[in-house]
Amino acid sequence: MPSARVTRVPALVRYAFAQAPLMAALTAVLAVLAGAAPVGITVGLGELAGGLTTAIGRGLDTPEARACYRWIAVVVVLFLLTHLAESARTVLGRALGRRVTGRLGERVMTAVSEPATIGHLEDPAYLDRIARARGEGAIDMPPGEALFGLSTKTSTWVTAVGSAALLAGLDLALGTVVLVVFAAIHFRLVRNYRIAVVENVSQTRKLRRTAYLRDVPTTPGPAREVRLFGLTAFFRDAYRSQWRANMAEVWRRRREHDLFVVVVVVTTGVTVAAVFHQLAHRAAAGDSTVADLTIGGLAVRALLQLLRADEDELRVGFGSRAAAEALAFPAVTGRADPAPVAEPPDATISVKDLRFRYPGATSEVLHGIDLDIPAGQSLAVVGLNGAGKTTLTRLLAGLDAPGGGCVRVGGTRIDEANRRAWQRQVVAVFQDFGRYRLPIRDNIAFGSLAHADDDEGLRAVAAQAGLQEFIERLPNGWDTVPADASGGEWQRIAIARALFGLRHGARLLIMDEPAAALDARAEAQLYDTFHELTAGATTVAVSHRFATVRKAQRVVVLEDGRIIEDGPHEALIEAGGRYAELFRLQAERFQGASS
Ligand SMILES: Nc1ncnc2c1ncn2[C@@H]1O[C@H](COP(=O)(O)OP(=O)(O)OP(=O)(O)O)[C@@H](O)[C@H]1O
């Protein structure tokens with residue numbers, strides 16, 4: 001660990017100096033000043049004590065008394081300086097920390113958003129990296145906190161080394177031994193302290209799982225089931241036993257540490273006793289003055305502050321680790337919105353031998369899909385759970401890079417160079433559409449942010465998605481954050497967002513179960529007016545509801561990652577294949593229910 005730290009801390013300090021040179025330099029100077037001034041006070045008090053022994057009894061206006069006044073002035077000024085430097089260092093150090101945390105946060109956010117595809121965001125290891133870069137862990141410590149911790153520790157070490165130097169001035173061996181012994185204890189204390197917490201951090205995942213067990217019974221959704229199925233005791237017991245298993249190692253360390261504290265107390269006692277014995281010995285031999293004795297005593301006292309490990313160790317340890325994680329993300333500068341893919345509006349969207357495998361999966365989800373979707377066509381994709389429907393829509397939208405084959409728009413192949421440009425021309429209502437905790441205006445305008453001021457358009461799509469009354473009822477109308485919207489209302493918002501995008505030039509609309517949360521009337525309304533709503537755009541809708549599917553101009557049936565049927569509803573029914581079978585099954589259920 002220390003070796004990693006050796007590279008982590010300088011990298012962070014260099015970054016701080018690059019981002020905020022003045023603030024960083026001032027913090028460093030103040031940290032040194034705040035650490036050096038107490039050493040000066042030790043000298044001042046020692047000289048004052050020495051001067052007083054000769055000045056007393058000689059009168060107030062003697063050279064000896066005047067020397068004492070000067071040392072009193074020096075001590076008072078240094079006290080003030082310590083106080084001022086320490087306060088200013090605290091304020092500046094915290095501000096510097098906040099600035100660096102903010103900059104690193106932006107760096108991570110930009111780097112994470114840089115790839116046009118989204119596969120990396122489904123990789124748990126990558127998500128862990130992001131969390132660590134933000135300083136999330138067993139204890140939360142943003143990267144910038146390390147700078148504040150470093151400034152505190154700089155002061156501590158300047159005082160310690162300065163005080164040891166004063167001791168060494170009296171007796172070289174004495175100063176060296178005390179510094180070495182105290183520093184050794186300090187590093188061991190820091191190590192113990194950090195290990196105790198690092199262990200928790202390395203168990204982050206385990207602890208997260210444990211916390212999950214604790215939280216299930218108090219999380220509104222699952223809590224309903226926990227009550228119904230009587231699972232409270234299960235979760236409580238599982239939490240308790242997992243937590244104990246996780247903590248066993250931590251408790252063992254804690255016992256070890258308690259033992260170490262006894263060793264520290266004894267070693268420190270012996271060292272301090274040795275110092276005073278040596279000073280007394282020298283005084284008895286007439287080798288040292290009162291000033292020397294005072295300086296020696298005060299210097300040892302100042303050195304005692306090394307014998308502790310506090311939160312600043314965590315700040316430096318965890319903060320610099322978070323900073324290193326954040327700095328490992330490449331610095332990316334913002335990019336301008338790309339120009340749209342330059343293909344005529346009537347260009348066909350085609351898929352050729354499309355293959356895809358999720359990272360870490362052993363087999364392909366799509367095994368070579370061929371599909372031409374003429375502009376303006378409404379296409380429904382049906383198939384059993386896990387057939388690959390959602391995966392196909394993700395690839396059509398350019399959110400994943402195919403493992404083989406390609407997506408084309410007219411003569412343009414969608415690849416890394418134009419992926420973003422293509423994404424701007426696609427709007428979608430995915431199964432897990434966004435529910436932004438932002439005003440409803442933003443929630444809908446996100447469909448085409450460049451046209452967020454198109455109030456008329458916003459009102460029109462809201463009406464098309466059946467949201468007019470809902471918005472009118474909201475306390476602040478369009479400016480309300482629709483936090484309490486129902487599942488269906490949120491889905492209408494997502495539909496309105498997609499429609500707003502279509503209105504402003506998107507050419508492909510993807511809908512993955514867009515009516516899952518809609519009531520029967522809303523669903524019927526959506527599909528009855530579908531063509532009018534989508535204004536002739538190309539649409540690909542995934543649905544398990546055949547009453548809906550049959551309204552599409554064309555249906556493809558996906559099975560195990562392959563298209564097995566393709567044609568209009570009537571033709572597929574007539575062919576009597578898988579589509580006809582699934583359609584009949586669903587129709588029978590409804591007939592059964594109504595008879
Ligand atoms: N992010 C992922 N990582 C790994 N495997 C995945 C991921 N997403 C989906 N899969 C797997 O890929 C297969 C196809 O999933 P997909 O979501 O495309 O199916 P689907 O036809 O849309 O299913 P459904 O009707 O249930 O929505 C499934 O076996 C699924 O488990």
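Biologist: Which way do the residues of strand S6 point, and are they buried or exposed?
Modeller: This is a predicted model, in which local features need pLDDT of at least 70, side-chain atom pairs count only at pLDDT 80 or more, and totals for chains, interfaces and linings use all residues. Residues are numbered from 1 along each chain as its sequence is written. In S6 (residues 426–429), Val-426 and Ala-428 point one way, Val-427 and Val-429 point the other way, and all are buried. Buried means that 20 or more other C-beta atoms, placed from the backbone, lie within 10 Å of the residue's own. Strands are DSSP runs (E, at least two residues) and helices are runs of H or I of at least four, numbered from the N terminus.
Biologist: Why do the side chains alternate?
Modeller: Because in a regular strand the side chains alternate between the two faces of the sheet.
Biologist: Which strand is joined to S6, and how many bridges are there?
Modeller: Strand S7 (residues 508–512) runs parallel to S6, with four bridges between them. Val-429 has Met-511 as its bridge partner in S7. Two strands pair if DSSP finds at least two bridges between them.
Biologist: What is the order of the strands in the open sheet?
Modeller: The order of the six strands is S6-S7-S8-S3-S9-S10, with mixed pairing. S6 and S10 (562–567) are the edge strands, each pairing on one side only.
Biologist: A change of topic: which residues does the UniProt annotation "transmembrane region" cover?
Modeller: According to the unreviewed UniProt entry, the annotation covers residues 12–33, 39–56, 68–85, 157–185 and 259–280. UniProt positions are given in the numbering used here, feature names are shortened, and annotations may be inferred rather than shown by experiment. Residues 259–280 are 100% helix and 0% strand, with end C-alpha atoms 32 Å apart.

Technical notes
A residue is buried if 20 or more other C-beta atoms lie within 10 Å of its own, exposed if 12 or fewer, and partly exposed in between; C-beta atoms are placed from the backbone.
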